[in-house]
Amino acid sequence: MPVTYLMNTNDTRHNHALPGLQFALNVLYVGRFLIGYSNPVQALDEVDEYIEAVTDELVSTELLHEAAVLAGDVLPGPSAGN
C-alpha cells in the first residue's frame with residue numbers, strides 16, 4: 001500500500017520527483033485491482049512487475065532525499081531550515 005512520507009519540509013533536488021512517483025504507484029494499484037476482475041494471471045504479473053519497479057524508484061528517491069537533508073544539501077528557499 002502506498003505511503004506518503006515527506007515528514008520534513010526541506011526541499012532537495014530529489015523530493016520534486018516524489019509526488020509523481022506516488023501518483024504513478026497509486027494508479028498502478030488501481031489498474032491492478034481493475035485487471036484482477038477480468039484478465040488472466042499473466043496480465044497481473046506484468047502489472048506487478050511495474051509496481052515493483054515504481055516502488056523501488058520511489059523508495060530510492062525517498063532515501064536520496066533523506067540523505068540529502070541529513071547532509072545539509074537542501075535547496076535555498078522559504079521552506080529550507082524548517
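**Close-up 1. Salt bridge between D73 and R13.** R13 is exposed, at a relative accessible area of 61% (exposed is over 50%, buried under 20%, partly exposed in between; 1.4 Å probe, protein chains only). The model is predicted: local features need pLDDT of at least 70, side-chain atom pairs count only at pLDDT 80 or more, and totals for chains, interfaces and linings use all residues. Residues are numbered from 1 along each chain as its sequence is written, and side-chain values use heavy atoms, leaving out hydrogens and water. The side chain of R13 meets that of D73 in a salt bridge, 3.6 Å from N to O. The term means a side-chain nitrogen of Lys or Arg within 4 Å of a carboxyl oxygen of Asp or Glu. R13 sits in the segment before α1 and D73 in the segment after α2, so the pair ties together parts 60 residues apart in sequence. D73 is partly exposed, with a relative accessible area of 38%.

**Close-up 2. Salt bridge between R32 and D48.** The structure holds two salt bridges. In the one between R32 and D48, the closest N and O atoms are 2.4 Å apart. R32 belongs to helix α1 and D48 to helix α2, so this pair ties together parts that are 16 residues apart in sequence. Helices are DSSP runs (H or I, at least four residues), numbered from the N terminus. R32 is partly exposed at 30% relative accessibility. D48 is also partly exposed, at 28%.

**Close-up 3. Y29 and V47.** Y29 lies in helix α1, residues 18-38. Its relative accessible area is 31%, partly exposed. The C-alpha atoms of Y29 and V47 are separated by 8.5 Å. Along the chain, the two are 18 residues apart.

**Close-up 4. Nonpolar surface patch.** V30, F33, L34 and Y37 form the patch. Together they have about 480 Å² of accessible area, from the Shrake-Rupley method with a 1.4 Å probe. Patch residues have over 30% relative accessible area and no salt bridge; nonpolar side chains (Val, Leu, Ile, Met, Phe, Trp, Tyr) are joined within 5 Å, like charges within 9 Å. F33 is placed in helix α1. F33 is exposed, at 52% relative accessible area.

**Close-up 5. Negative surface patch.** D45, E46, E49, E52, D56 and E57 make up this patch. Asp and Glu count as negative, Lys and Arg as positive; His and the chain ends are not counted. E46 is found in helix α2, residues 41-71. E46 is partly exposed, with a relative accessible area of 42%.

Terms used:
Charge placed at Lys NZ, Arg CZ, Asp CG, Glu CD. Helix = DSSP H or I, 4+ residues; strand = E, 2+ residues; numbered from the N terminus.
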